[in-house]
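This report describes a protein chain and the ligand that accompanies it. Please keep the sequence and the three-dimensional view at hand while reading.

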Amino acid sequence: MLRITDLFAKVEEKDILKGLNLTINPGEVHAIMGPNGAGKSTLGNVLSGREGYEVTGGAVEFNGKDLFELEIEERAREGLFLAFQYPVEIPGVSNMEFLKASVDAKRKHQGQPELSAVEFMKLARETSKRVSLDAAFLKRGVNEGFSGGEKKRNEIMQMMLLEPKLCILDETDSGLDIDALQVVANGVNEMRSPDRSFIVVTHYQRLLDYIVPDYVHVLANGRIVKTGGKELALELEEKGYAWLEEEAV
Ligand code: ADP
Ligand code: MG
Ligand code: MG
């Protein structure tokens with residue numbers, strides 16, 4: 001699914017990722033933990049092709065293709081989903097329009113016809129129920145005055161509608177109440193399948209009680225410095241990161 005080899009990346013002339021290696025097979029859920037500023041969000045941004053992130057070395061293979069040869073939109077159409085892709089307000093565009101446009105783009109890529117407005121409305125209403133979002137929400141502007149919990153529910157809804165192959169969820173638990181956390185976790189758990197993989201970036205072990213990962217990685221100083229099973233998250237909760245950061249320098 002994803003093979004990252006010796007990845008180096010810069011942000012504003014500063015080296016952030018410094019030789020990162022990570023392989024993700026279909027069906028796997030990988031949690032990435034690590035201290036603030038380690039480069040976790042940078043990794044997601046580099047993978048999704050966000051502006052301002054310069055790759056200075058290494059390779060990333062996604063579904064057998066060179067990820068860096070793909071434009072941002074192509075990455076999405078190939079099935080890469082970054083959950084914080086659009087926490088910006090887009091004036092004059094409703095949620096419904098935004099979601100329909102992204103679903104239509106993906107369907108077109110797969111040679112499927114666009115959904116009619118009525119078909120999409122039905123699908124969107126069903127999906128909004130799965131994430132406990134009021135259907136009225138679909139008419140609101142994209143992220144216009146959303147609470148943190150609503151943003152997350154909306155992201156999970158988008159993930160469900162797009163059915164990506166690789167989902168990257170970053171800091172999904174920061175500032176979320178327990179209900180929103182459950183929605184995120186249930187959404188991920190519902191969508192787990194042998195041909196879909198997840199990278200879940202989290203500061204807190206708590207989320208991993210609900211989304212049980214196959215692997216837990218520690219990202220420190222721009223590299224994966226430790227990999228373990230779900231029990232590693234508990235160890236980190238207890239011991240912090242300092243012992244690993246020292247090893248990583
Ligand atoms: P994490 O998600 O692990 O907390 P980040 O990837 O957000 O870490 O940040 C890693 C480092 O890169 C930090 O020192 C941060 O200040 C810097 N950084 C990340 N994104 C930007 C940006 N857009 N502009 C400037 N510095 C950035
Ligand atoms: Mg951070
Ligand atoms: Mg971050």
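## The ligand shell and helix 1

Helix 1 gives the most to the shell around ligand 1, with three residues. Helices (H or I, at least four residues) and strands (E, at least two) are DSSP runs, numbered from the N terminus. This is a predicted model, in which local features need pLDDT of at least 70 and side-chain atom pairs count only at pLDDT 80 or more, while totals for chains, interfaces and linings use all residues. Residues are numbered from 1 along each chain as its sequence is written, and chains are lettered from A and ligands numbered from 1 in the order in which they are written.

The residues that surround ligand 1 are Val11, Glu12, Ile16, Gly34, Asn36, Gly37, Ala38, Gly39, Lys40, Ser41, Thr42 and Gly52; a residue is near a molecule if its C-beta atom, placed from the backbone, lies within 6 Å of it.

Helix 1 (residues 40-48) is mostly covered, since eight of its nine residues are buried. A residue is buried if 20 or more other C-beta atoms lie within 10 Å of its own, exposed if 12 or fewer, and partly exposed in between, with C-beta atoms placed from the backbone. Among the buried residues of helix 1 are Lys40 and Thr42, which also belong to the shell around ligand 1.

## The chain as a whole

The protein chain has nine helices and twelve strands. Its radius of gyration is 18 Å, close to the 18 Å that the globule rule gives for 249 residues, so the chain is as compact as a globular protein of that length. This radius is taken over C-alpha atoms, and the rule is 2.2 Å times the number of residues to the power 0.38. Of the 249 residues, 39% count as buried.

An α-helix has 3.6 residues a turn, so residues three or four places apart point the same way. In helix 3 (residues 95-109), the buried residues are Asn95, Met96, Leu99, Lys100 and Val103. They cover an arc of only 115° around the axis, which puts them on the same side of helix 3. The arc is that of the directions from the helix axis to the C-beta atoms. The face turned away from the buried side of helix 3 carries the exposed residues Ala101 and Lys108.

In helix 8 (residues 231-239), Leu232, Ala233 and Leu236 are buried. They cover an arc of only 105° around the axis, which puts them on the same side of helix 8. Exposed residues Glu231 and Glu238 sit on the face of helix 8 turned away from its buried side. The buried residues of helix 8 pack against strand 3 (29-33), helix 7 (207-210), strand 11 (215-220) and strand 12 (223-228); two residues are in contact if their C-beta atoms, placed from the backbone, lie within 7 Å.

| Helix | Glycine just after the helix | Phi |
|---|---|---|
| Helix 1 | Gly49 | about 85° |
| Helix 3 | Gly111 | about 75° |
| Helix 8 | Gly240 | about 75° |

## A loop residue

Leu115 lies in the loop between helix 3 and helix 4. Leu115 counts as partly exposed because it has 16 C-beta neighbours inside 10 Å. Not counting residues up to four places away in sequence, Leu115 touches Val103, Asp104, Phe120 and Leu123.

Definitions and conventions. Expected span 1.5 Å × (residues − 1).
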